[in-house]
Amino acid sequence: MIRFTATIEKFARQGEKTGWTYITIPAGLAIKLNPANKKSFRVKGLLDNYSISFVAAIPMGEGDYIIPLNATMRKHLKKTKGAKLIAALELDTEEKALDEDFMECLQEEPKAITHFNTLLKSHQRYFSNWIASAKTIETKTKRIAMAVNALAKGWDYGQMIRANKKD
């Protein structure tokens, strides 16, 4: 586990990261977390007293990594750009379970589960996380149906979302 004090920063203009709020993991500490790695990896631990898990550390060049702070994290931290926080982080190797209801419904549609199993784990998670984030059972049910139908057609997450925006 590494411990360090970080300053909350915000990108002004940085391509797709424009407007992101984040903290930086300096190269020397990132090496201690995940030696010889140059790609994104997940971390868990504490930001001040706020517990995090399954959070991506994204490479930024020169060996530094960033951890984006989403709205939920910022709300719990009650801090904004320029504030300092104490980070205590370790590599998160735990596999996040896919949504049980979604997986149960997929089993009933052979074409859908076959296509789903060909997707990268990260792409499988797009579907599962989107379904799990539904706030009502009605929304979750609708999302499961949309996902199973899209997967049965051989679509990926993006194709499903684009097709349903046309409606």
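1. Let's start with Thr 24, whose side chain makes a polar contact with the side chain of Glu 9 at 3.1 Å. Please keep in mind that this is a predicted model, so every distance here is computed from it. Thr 24 belongs to strand E3, residues 21-25. Leaving aside residues up to four places away in sequence, Thr 24 touches Phe 4, Ala 6, Glu 9, Asp 64, Tyr 65 and Ile 66. Is Thr 24 buried, partly exposed or exposed? Its relative accessible area is 22%, so it counts as partly exposed, given that buried means under 20%. For a sense of scale, the C-alpha atoms of Thr 24 and Met 160 are separated by 34 Å, and the two residues are 136 apart along the chain.

2. Next, the sheet as a whole. Seven strands make an open sheet with antiparallel pairing, in the order E1-E7-E4-E5-E6-E3-E2. Which strands stand at the edges? They are E1 (2-7) and E2 (9-10); each has a single partner strand, so one side of each is left without a neighbour in the sheet. As a reminder, strands of a sheet pair through backbone hydrogen bonds, either parallel or antiparallel.

3. E1 runs antiparallel to strand E7, residues 84-91, and six bridges join the two. A handy landmark is Ala 6, which stands opposite Leu 85 in E7. Ala 6 is also one of the residues that Thr 24 touches.

4. Now to E6 (64-68), which has E5 on one side and E3 on the other in the strand order. E3 and E6 are antiparallel, with four bridges, and Tyr 22 stands opposite Pro 68 of E6. E5 and E6 are also antiparallel, with three bridges; here Ile 58 stands opposite Ile 66 of E6.

5. Asp 48 has a phi near 55 degrees, a positive value in a residue other than glycine. Where does Asp 48 lie? You will find Asp 48 in the loop between strand E4 (41-47) and E5. Asp 48 counts as partly exposed, at 24% relative accessibility. Phe 54 is not a glycine either, yet has a positive phi of about 55 degrees. Phe 54 lies within strand E5 and is partly exposed, with a relative accessible area of 26%.

6. How many residues line the largest pocket? There are 18, and those nearest its centre are Arg 42, Phe 54, Val 55, Ala 56 and Asn 129. Strand E5 (50-61), helix H2 (71-77) and helix H5 (121-132) are the elements that give two or more residues to this lining. The largest share, six residues, comes from E5. By class, the lining divides into nine nonpolar, six polar and three charged residues.

7. The second largest pocket has about 170 Å³ of space. Its lining has 13 residues, and Ile 31, Asn 37, Lys 38, Gly 63 and Tyr 65 lie nearest its centre. The lining of the second largest pocket has seven nonpolar, four polar and two charged residues.

8. Finally, a stop at His 115 in helix H4, residues 110-118. The side chain of His 115 reaches the backbone oxygen of Gly 154 at 3.2 Å. Beyond residues up to four places away in sequence, His 115 touches Leu 151, Gly 154, Trp 155 and Asp 156. To view this spot, centre on His 115 and Gly 154 and look for the 3.2 Å approach.

Key:
Residues numbered from 1 in each chain as written. Predicted model: local features only at pLDDT ≥ 70, side-chain atom pairs only at ≥ 80, totals over all residues. Heavy atoms only, no water. Pairing = 2+ DSSP bridges. Buried < 20%, exposed > 50% of the residue type's maximum accessible area, 1.4 Å probe, protein only. Contact = heavy atoms within 4.5 Å. Polar contact = N/O pair within 3.5 Å; in protein donor to acceptor, adjacent residues only side chain to side chain. 1 Å grid on protein atoms, 1.4 Å probe; cavity = no way out; pocket = protein on both sides within 12 Å on 5 of 7 lines; lining within 4 Å. Nonpolar A, V, L, I, M, F, W, Y, C, P; charged D, E, K, R; others polar. Points joined across faces, edges and corners; volume = space filled by probe spheres on them.
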